[in-house]
Amino acid sequence: MTTPQQPVRLQYWPASHSVDAPDTWPDSYEFDSVDDAVAFAMTQAPANREIAWLRTGEGEVLKYPQIQMLWELRQTH
């Protein structure tokens with residue numbers, strides 16, 4: 001029996017907000033895959049220029065430079 005995969009969460013934080021792996025991610029967007037979350041983060045612009053962060057289903061936190069790198073790798077394929 002397989003356990004259901006945890007969703008990938010995308011959260012936007014203000015640039016001035018220094019946070020590292022927050023326990024709660026209020027108002028996060030949920031995706032089935034990191035690829036879907038990265039595409040959303042790189043193609044949607046929040047109104048107040050906040051920074052995108054991702055938390056994978058395994059709990060790994062990806063900050064904007066990592067998200068941008070994944071997007072660039074995706075674009076080259």
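Reply: The model is predicted, with local features taken at pLDDT of at least 70 and side-chain atom pairs only at 80 or more, while totals for chains, interfaces and linings use all residues. Residues are numbered from 1 along each chain as its sequence is written, and side-chain values use heavy atoms, without hydrogens and water.

The axes of α1 and α2 cross at roughly 100° and come within 9 Å; these axes are lines fitted to C-alpha atoms, for helices over the stretch in contact, with angles from 0 to 180 degrees between N-to-C directions. Two packed helices are described by the angle and the distance between their axes.

The protein has two helices and four strands, which follow one another from the N terminus as β-β-α-β-β-α. Both kinds of element are DSSP runs numbered from the N terminus: helices (H or I) have at least four residues and strands (E) at least two. Helix α1 comprises residues 34-43 and lies across β1, β2, β3 (51-55) and β4, with an angle of about 25° to β1.

Those four strands form an open sheet in the order β2-β1-β3-β4, and their pairing is antiparallel. Strands β2 and β4 (61-62) are the edges, each pairing on one side only. Strands count as paired when DSSP finds at least two bridges between them. In general, strands of a sheet pair through backbone hydrogen bonds, either parallel or antiparallel.

Towards β2, Leu10 has Tyr29 as its bridge partner, and Arg9 stands opposite Glu30. Towards β3, Tyr12 has Ala52 as its bridge partner. Strand β1 is largely enclosed by the rest of the structure, because five of its six residues are buried. Here buried means under 20% relative accessible area, exposed over 50% and partly exposed in between (1.4 Å probe, protein chains only).

Which residues of α1 are buried? They are Ala37, Val38, Ala39 and Ala41. The buried residues of α1 pack against β1, β2, β3 and α2 (64-76), where contact means heavy atoms within 4.5 Å. An α-helix has 3.6 residues a turn, so residues three or four places apart point the same way. Where α1 and α2 meet, α1 contributes Val34, Asp35, Val38, Ala39, Ala41, Met42 and Thr43. On the α2 side, the residues are Tyr64, Ile67, Gln68, Leu70, Trp71 and Arg74.

The structure holds three aromatic pairs, a pair being two rings of Phe, Tyr or Trp (its six-membered ring) with centres within 6.5 Å; planes under 30 degrees apart are stacked, over 60 edge-to-face and the rest tilted. One of them joins Tyr12 and Tyr29 edge-to-face, at 6.2 Å centre to centre and 85° between the planes. That pair links distant parts of the chain, since Tyr12 belongs to β1 (residues 8-13) and Tyr29 to β2 (residues 29-31), 17 residues apart. Tyr12 is buried at 12% relative accessibility, whereas Tyr29 is partly exposed at 40%. Another of the pairs is tilted and consists of Phe31 and Phe40, with 5.4 Å centre to centre and 50° between the planes. Phe31 counts as buried at 15% relative accessibility, and Phe40 as partly exposed at 23%. Tyr12, Tyr29, Phe31 and Phe40 make up one aromatic cluster.

Gly59 and Arg9 are 50 residues apart along the chain, and their C-alpha atoms are separated by 9.5 Å. For the protein as a whole, 30% of the 77 residues count as buried. Of its contacts with a separation of 6 or more, 58% come from residues 24 or more positions apart.
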